[in-house]
Amino acid sequence: MEKRELTCIGCPMGCLVTVEIDDNGEVVGVTGNTCKIGDTYGREEVTNPTRIVTSTVIIEGAEKTRLPVKTASSIPKSAIFDVMDVINHAHATAPVKIGDVVIADVCGTGVDVVATRAI
Amino acid sequence: MKAYDIVIVGGGPAGLAAAVAAKRAGNDSILILERDHELGGILNQCIHNGFGLHTFKEELTGPEYASRYIEQVIELGIDYKLNTMVMDISQDKVVTAMNREDGMFTIPAKAVILAMGCRERPRGALNIPGYRPAGIYSAGTAQRLVNIEGYMPGKEVVILGSGDIGLIMARRMTFEGANVKCVAELLPFSGGLKRNIVQCLDDYGIPLLLSHTVVDIEGRERVEAVTIAEVDENLKPIPGTEKRYTCDTLMLSTGLIPENELSRSAGVEMSPITSGPLVNESFETSIPGVFACGNVLHVHDLVDYVSEEADKAGEHAAAYVAADGALAEGGEEVKVVAEGGARYTVPTTVNVERLGDSLTIRFRVSGVFTGSYVNVYLDDERISHKKKRIMAPGEMEQVVIPKSKLAEHADLKTITVKVESE
């Protein structure tokens, strides 16, 4: 049995949520939340925390030197720094449109890194 | 120089939304003046996500959010001038500006929309003792260096102030391999959004030291260390609590100040609390035909609200021009007052006749309030009584009053927004 303490980000209330996890990694209880949002947040955060990562890559053939990018959807939190490493070694070449794939299937997450600006 | 009906000062989120709204409201003579070399304002460097949840019902990054408006400005054929600095706005709405191509020029306008945004509070305004070495940046400057120019400002970072830009930069610097040692906040609560504290600090184990401040900066050429001390209830450092942090970079995220030099010299009446112009329900300042929106009016935490307010300012500016300035006439002026824990309101006056379906009043609270009520009074009658589980200075609040409620209250003089314990 493990207890994890989290701050819910569902609303400005910022409830201190305690999530109880059994030895198989199953959530057995969420306490401290004052609404349903906290319950959902707590469960997802301990079983499969995900984040969208935003950064920049070097762009060539343009006046600008950096192209802002993001992961097209959420990636596992544990993969963030591996993804950042790949992003930091990537190059793009102008012209680029918003949504163009800069890195396909980054780190085997199944998620593309896409441009967030036209350059 | 050609005359325009509506001149918009600033091509950031507020100016862009105002221009689009004015054009859609039927005005064909609009000019945006922008001092940077591109439209979009600060959004261009805010590459993180979280924008547009209210406006577009999806989560966008700053550049994506800006591009939605820039595309509309271009599609609608709205004129804009880049690299252009506005020098003066006169009482009779003649705008003086300059750029490299046209030199100094004047544009007579029928309406002016102030959308100049805000600036960061610099070190000089904080009275931090110590040397003045390289390595001290405002968080927004650091954000520009990293996200636009592609430079790393430093490797070992201490952040003073827990404003949203500082929190976002704590995560950004961590992503790029820097060691962010802590965020120190003078006040007993953060000035940033709760979700940013969790997503940008807690996620990466960066401590947030509330009631702490920087009391010394070491290093002659480059920052070498800072000393942080706890402060008492009078915000004075407590002797004996000092702790030294070695670092090469100190970032400041200690507040934003609306950039109102032009508004002041034009003679617009200002609010001492927001440092922005006083406006009515139409976002019109004390000078008829001069409107204000976005961070120049009051500092926002959500760009969505900026767009919404700018939208109204643009619409009303177009209506003002169409009516040849007749909007200023007719209807009684009702005062809007902030009391209790509410620090200010936008707007501060309302002409009920000119409202659409409802009146939105936005405000901020003076401290952290748990289980308090937001009460709205029309003169002495309480018409709204809403319990809020928590309110904090970092999150803008709002109340919406239907126009019908205001219209049925005979001889209305004052609308009061009050944060009370019951």
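Select B:R364 and B:D301. In this predicted model, B:R364 forms a salt bridge with B:D301, and their closest N and O atoms are 2.8 Å apart. A salt bridge here is a side-chain nitrogen of Lys or Arg within 4 Å of a carboxyl oxygen of Asp or Glu. The pair links distant parts of the chain, 63 residues apart. B:R364 sits in strand β23 (residues 358-365) of chain B, and B:D301 in the loop between β19 (290-292) and α7 (303-322). Helices (H or I, at least four residues) and strands (E, at least two) are DSSP runs, numbered from the N terminus. Both B:R364 and B:D301 are buried. Buried means under 20% relative accessible area, exposed over 50%, and partly exposed in between (1.4 Å probe, protein chains only).

A note on reading the model. Residues are numbered from 1 along each chain as its sequence is written, and chains are lettered from A in the order in which they are written. Local features need pLDDT of at least 70, side-chain atom pairs count only at pLDDT 80 or more, totals for chains, interfaces and linings use all residues, and side-chain values use heavy atoms, without hydrogens and water.

Go to B:D79 and B:K2. They form a salt bridge with closest N and O atoms 4.0 Å apart. B:D79 is in strand β5 (residues 79-81) of chain B, while B:K2 is in the segment before β1 (4-9), 77 residues apart. B:D79 is partly exposed at 29% relative accessible area; B:K2 is exposed at 52%.

Next, pick B:K413 and B:D411. Their salt bridge has its closest N and O atoms 3.1 Å apart. B:K413 is partly exposed at 48%, and B:D411 is exposed at 61%. Then select A:E45, A:R51, A:K77 and B:D203: salt bridges that share partners join them into one network. Over all chains, the count comes to 31 salt bridges.

**Where the chains meet**

Show both chains. Here, 30 residues of chain B are in contact with 28 residues of chain A; contact means heavy atoms within 4.5 Å. Together they bury about 2,500 Å², 55% of it on carbon and sulfur atoms. Buried area is the accessible area (1.4 Å probe) that two parts lose on being put together, summed over both. The interface has 5 salt bridges. Zoom in on A:K70 and B:E64, which form a salt bridge with closest N and O atoms 3.0 Å apart.

**A sheet in chain B**

Select β22, β20, β27, β24 and β25 of chain B. In that order they make an open sheet of 5 strands with mixed pairing. Two strands pair if DSSP finds at least two bridges between them. The edge strands are β22 (349-351) and β25 (381-391), each pairing on one side only. Strand β24 (residues 369-378) runs antiparallel to β25, joined by 9 bridges. Which residue of β25 is the bridge partner of B:N375? Click B:H385.

**Backbone stops**

Find A:A94 and A:P95. The peptide bond between them is cis, with omega near 0 degrees. A:P95 lies in the loop between β8 (91-93) and β9 (101-103) of chain A. Another cis peptide bond joins B:V346 and B:P347, with omega about 5 degrees. B:P347 is in the loop between β21 (342-346) and β22 of chain B.

Finish at B:S211. This residue is not a glycine, yet has a positive phi of about 55 degrees. B:S211 lies in the loop between β13 (208-210) and β14 (212-218) of chain B, and is buried at 19%.
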